[in-house]
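This report walks through side-chain contacts, the core and the strand pairing. Keep the 3D view open while reading.

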Amino acid sequence: QVQLVESGGGSVQAGGSLRLSCAASGSIARVNAMGWYRQAPGKQRELVARIISGGSTNYTDAVKGRFTISRDNAKNTVYLGMNSLKPEDTAIYYCNADLTVLRSWPPTPTRSDYWGQGTQVTVSS
């Protein structure tokens with residue numbers, strides 16, 4: 001079992017910044033990759049960023065150059081730094097733990113994945 005708890009969401013104006021945190025606990029050794037997804041109203045949940053166990057990162061084109069995924073292994077915490085926020089970034093952001101074999105970008109969530117409860121990010125124009 002892996003437990004994920006997100007925090008750091010909030011409301012900002014366009015151009016502002018936020019940093020989301022995801023604290024992981026449980027069977028951390030089984031996790032191959034951590035990611036951040038988001039789901040906007042009326043939209044499908046989409047993968048925003050991923051960091052694999054070796055430290056490599058991936059980003060969806062919409063956030064490249066603005067978002068940064070990072071981790072603190074000592075704290076079992078993954079972060080998503082978000083700069084130059086846009087209204088279209090408004091969504092609930094979910095932390096994801098991927099326990100499947102490492103796959104090429106972009107991976108597809110499986111039933112083995114673990115999810116946090118989500119944290120709301122609202123960006124006003």
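Over the face of which residue does Arg19 lie? The ring is that of Tyr79, and Arg19 is 4.3 Å from the ring centre.

## Basis

This is a predicted model, in which local features need pLDDT of at least 70, side-chain atom pairs count only at pLDDT 80 or more, and totals for chains, interfaces and linings use all residues. Residues are numbered from 1 along each chain as its sequence is written, and side-chain values use heavy atoms, with hydrogens and water left out.

## Charges over rings

The Arg19 contact with Tyr79 has a counterpart in Arg45. The charged end of Arg45 sits over the ring of Tyr94, 3.7 Å from its centre. A charge counts as over a ring if NZ of Lys or CZ of Arg is within 6 Å of the ring centre and within 35 degrees of the ring normal.

## Salt bridges

Side chains of opposite charge can pair when their charged atoms come close. The whole structure holds 5 salt bridges (a side-chain nitrogen of Lys or Arg within 4 Å of a carboxyl oxygen of Asp or Glu). One of them joins Arg38 to Asp89, with the closest N and O atoms 2.9 Å apart. This pair links distant parts of the chain: Arg38 is in strand β4 (residues 33-39), Asp89 is in the loop between β8 (77-82) and β9 (91-98), and they are 51 residues apart. Strands (E, at least two residues) and helices (H or I, at least four) are DSSP runs, numbered from the N terminus.

Asp89 also meets Arg66 in a salt bridge, at 2.7 Å from N to O. Arg66 lies in the loop between β6 (57-59) and β7 (67-72), and Asp89 in the loop between β8 and β9, so the contact ties together parts that are 23 residues apart in sequence. Asp89 counts as buried because its relative accessibility is 1%. Arg66 is buried too, at 9%, and so is Arg38. Buried here means under 20% relative accessible area, exposed over 50%, and partly exposed in between (1.4 Å probe, protein chains only). A network of salt bridges links Arg38, Glu46, Arg66 and Asp89.

Lys64 pairs with Asp61, the closest N and O atoms being 3.0 Å apart. Asp61 is exposed, at 62% relative accessibility.

## The aromatic pair

The whole structure contains 1 aromatic pair. The rings of Tyr37 and Trp115 have centres 4.8 Å apart and planes at 65°, so the pair is edge-to-face. Rings of Phe, Tyr and Trp (its six-membered ring) pair if their centres lie within 6.5 Å; planes under 30 degrees apart count as stacked, over 60 as edge-to-face and the rest as tilted.

Tyr37 belongs to strand β4 and Trp115 to strand β10 (residues 114-115), 78 residues apart. Tyr37 is buried, with a relative accessible area of 5%. Trp115 is partly exposed, at 30%.

## Nonpolar core

The largest nonpolar core has 29 residues. Such a core is a set of buried Ala, Val, Leu, Ile, Met, Phe, Trp, Tyr and Cys residues joined through side-chain atoms within 4.5 Å. Which residues touch the most other members? They are Leu4, Met34, Trp36, Leu80, Met82 and Tyr93. At least two core residues come from each of β1 (2-7), β3 (18-26), β4, β5 (46-52), β7, β8, β9 and β11 (119-124).

## Strand pairing

β1 and β3 are joined by 6 bridges; strands pair if DSSP finds at least two bridges between them. Val5 stands opposite Ala23 in β3.

β9 is mostly covered, with 7 of its 8 residues buried. β9 pairs antiparallel with β4 over 7 bridges, and Gln39 has Ile92 as its bridge partner in β9. β9 also pairs antiparallel with β11 over 3 bridges, where Gln120 is the partner of Ile92. A further 2 bridges join β9 to β10, again antiparallel. There, Asn96 stands opposite Trp115.
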